[in-house]
Amino acid sequence: MNAHFLNLLLIVVLVVSLDVQALSPHYYDHSCPQADHIVTNAVKKAMSNDKTVPAALLRMHFHDCFVRGCDGSVLLDSKGKNKAEKDGPPNISLHAFYVIDNAKKALEEQCAGIVSCADILSLAARDAVALSGGPTWEVPKGRKDGRISKAIETRQLPAPTFNISQLRQNFGQRGLSMHDLVVLSGGHTLGFAHCSSFQNRLHNFNTQKEVDPTLNPSFASRLEGVCPAHNTVKNAGATMDATVSSFDNIYYKMLMQGKSLFSSDEALLAVPSTKKLVAKYASSNEEFERAFVKSMIKMSSISGNGNEVRLDCRRAR
């Protein structure tokens, strides 16, 4: 066998290897053609009983992809001495894991051992957006499930107190641009935040000011009523925008009015380039939806180190 032929063979093997790794919307077309439909049904059913499900699934997907890539590691339960991601401080409030369990159960009945939990989560996040009146898109599929999940690694998640340079670094490390940062922050249109995530803006903001001066005064006053300095109400908080069950661009409109919750939201107005994008998406829901689809596909394609298809999304095989 000559050297030229061996080189050609090596190139073919490499191309095939890369192709196997690549995600594709058609990944399950033959092995499990009903995959999308089955996941959508599970999300739809859960939403009919609990209106907080869409926000929970979208947030769960973000938190999965930002730690170890999109490998379903956020779904694993703690076991023995290992404390898993879902029990890390930023993830304590994650919920609706049962939706992924239900979808997995239905998929196992239809096509056993085929669809990864990481793909189910990515599909469920898309459905969360679409079923809340937002855009839909073809989800590239073919992710594999990871076996490692460590609570300590949730420190890598962007915090609600981050400033613009911390956000730039955090997103940049994952191959996401400042544009992606602004667009993906629009996911806050769905959801609810506990007082602990934004109390830094309401009490002892700095040595000169008690309250963050960038907050709209009447909005800040309302928040202080819900989140007093020594708040004892466990689940006290506020919705992320005025139309919490609808996926729309109200988040950006409120941000421009000084009515955002997190320091990390307000940070988007700190530099001209991101401030311009906030204004753009505040003025056009269509532009926001188009951009959101692109950035979501980009984020949900962050490579993980998964190498299996779990039979139970809570446990590695």
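This is a predicted model: local features need pLDDT of at least 70, side-chain atom pairs count only at pLDDT 80 or more; totals for chains, interfaces and linings use all residues.
1. L75 touches M60, K86, F97, I100, C117, L121, R310, C313 and R314, leaving aside residues up to four places away in sequence. L75 is also among the residues with the most contacts inside the largest nonpolar core.

2. That core has 71 residues. L57, I100, L107, F292, M296 and M299 join L75 on the list of residues with the most contacts inside it. A second core is separate and has 15 residues, including C195, L202, L215 and L261.

3. Next, look at helix α3 (residues 53-65) and α12. Their axes come within 10 Å and cross at roughly 45°. α3 is therefore oblique to α12. From α3, the contact uses L58, H61, F62 and C65; from α12, it uses F292, M296 and M299. By class, six of these residues are nonpolar, one is polar and none is charged.

4. α11 supplies K280, Y281 and S283, while α12 supplies N285, E287, F288 and A291. This contact divides into three nonpolar, two polar and two charged residues.

5. Finally, the annotation. An unreviewed UniProt entry places "domain: Plant heme peroxidase family profile" on residues 22-317. Over residues 22-317, the chain is 41% helix and 2% strand. The end C-alpha atoms of that stretch lie 23 Å apart.

Notes
Residues are numbered from 1 along each chain as its sequence is written. Side-chain values use heavy atoms; hydrogens and water are left out. Contact means heavy atoms within 4.5 Å. Helices (H or I, at least four residues) and strands (E, at least two) are DSSP runs, numbered from the N terminus. Ala, Val, Leu, Ile, Met, Phe, Trp, Tyr, Cys and Pro count as nonpolar, Asp, Glu, Lys and Arg as charged, and the others, Gly among them, as polar. Axes are lines fitted to C-alpha atoms, for helices over the stretch in contact, and angles run from 0 to 180 degrees between N-to-C directions. Angles under 35 degrees count as roughly parallel, over 145 as roughly antiparallel, 65 to 115 as roughly perpendicular and the rest as oblique. UniProt positions are given in the numbering used here, feature names are shortened, and annotations may be inferred rather than shown by experiment. A nonpolar core is a set of buried Ala, Val, Leu, Ile, Met, Phe, Trp, Tyr and Cys residues joined through side-chain atoms within 4.5 Å. Buried means under 20% relative accessible area, exposed over 50%, partly exposed in between (1.4 Å probe, protein chains only).
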